[in-house]
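Trainee: I would like to learn how to read a helix pair. Can we work through one?

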Amino acid sequence: GRAEYQLFLLPNEAGLALPTNMANDNEPISETLRRAFIKKLSSNEGLPPETEEVIDLVFASGGNVVYQGYVDDARNTDHAWLETIVRVYFISHELEVFDGQAAGGQWYDV
């Protein structure tokens, strides 16, 4: 298969970005990412149950860490800075039931 990634339109059409979210205390990172993805995909009516089930399956794997550490960001100071964890999740063809387009999302080839 081919490799793709999901980007979402930022508010006020400021550009595209990967889904992100701040982690809650003692929350597994996979749950933080799951919340971010659901938040981006959800409308006021919420997600269909089958879509949430697929998202649960995808994020239950924990993914593979491809980067962890410092992020160059305009908000960084000498005493406070942003750090991130980037994970890759593999979605089989059978699980591609959501496309994110309703939420301004789009799949892009790597």
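Mentor: Start with a term. Contact means heavy atoms within 4.5 Å. This is a predicted model, where local features need pLDDT of at least 70, side-chain atom pairs count only at pLDDT 80 or more, and totals for chains, interfaces and linings use all residues. Residues are numbered from 1 along each chain as its sequence is written, and side-chain values use heavy atoms, with hydrogens and water left out.

Trainee: What does the protein chain average in pLDDT?

Mentor: pLDDT is the predictor's confidence in each residue, from 0 to 100. The protein chain averages 75, and 65% of the residues score at least 70. Strand 1 (residues 4–9) has the lowest confidence, with a mean of 62, and strand 3 (residues 64–71) the highest, at 90.

Trainee: In what order do the elements of the protein chain run?

Mentor: Helices (H or I, at least four residues) and strands (E, at least two) are DSSP runs, numbered from the N terminus. The protein chain has two helices and five strands. From the N terminus, the order is β-β-α-α-β-β-β.

Trainee: At what angle do the axes of helix 1 and helix 2 cross?

Mentor: Two packed helices are described by the angle between their axes and the distance between the axes. Axes are lines fitted to C-alpha atoms, for helices over the stretch in contact, and angles run from 0 to 180 degrees between N-to-C directions. Here helix 1 (residues 29–41) and helix 2 (residues 49–60) have axes that come within 10 Å and cross at roughly 150°. Helix 1 is therefore roughly antiparallel to helix 2; that label takes angles over 145 degrees.

Trainee: Which residues in helix 1 meet helix 2?

Mentor: Ser-30, Leu-33, Arg-34, Phe-37, Ile-38 and Leu-41 do, and their partners in helix 2 are Glu-52, Ile-55, Asp-56 and Phe-59.

Trainee: Is Arg-34 buried or exposed?

Mentor: Buried means under 20% relative accessible area, exposed over 50%, partly exposed in between (1.4 Å probe, protein chains only). Arg-34 has 17%, so Arg-34 is buried. Arg-34 lies in helix 1. Leaving aside neighbours within four places in sequence, Arg-34 is in contact with Glu-52, Ile-55, Asp-56 and Phe-59.

Trainee: What is Phe-59 in contact with?

Mentor: With the same exclusion of neighbours within four places in sequence, Phe-59 is in contact with Ser-30, Leu-33, Arg-34, Phe-37 and Tyr-89. Phe-59 lies in helix 2. Phe-59 counts as buried because its relative accessibility is 9%.

Notes. Parallel < 35°, antiparallel > 145°, perpendicular 65-115°, else oblique.
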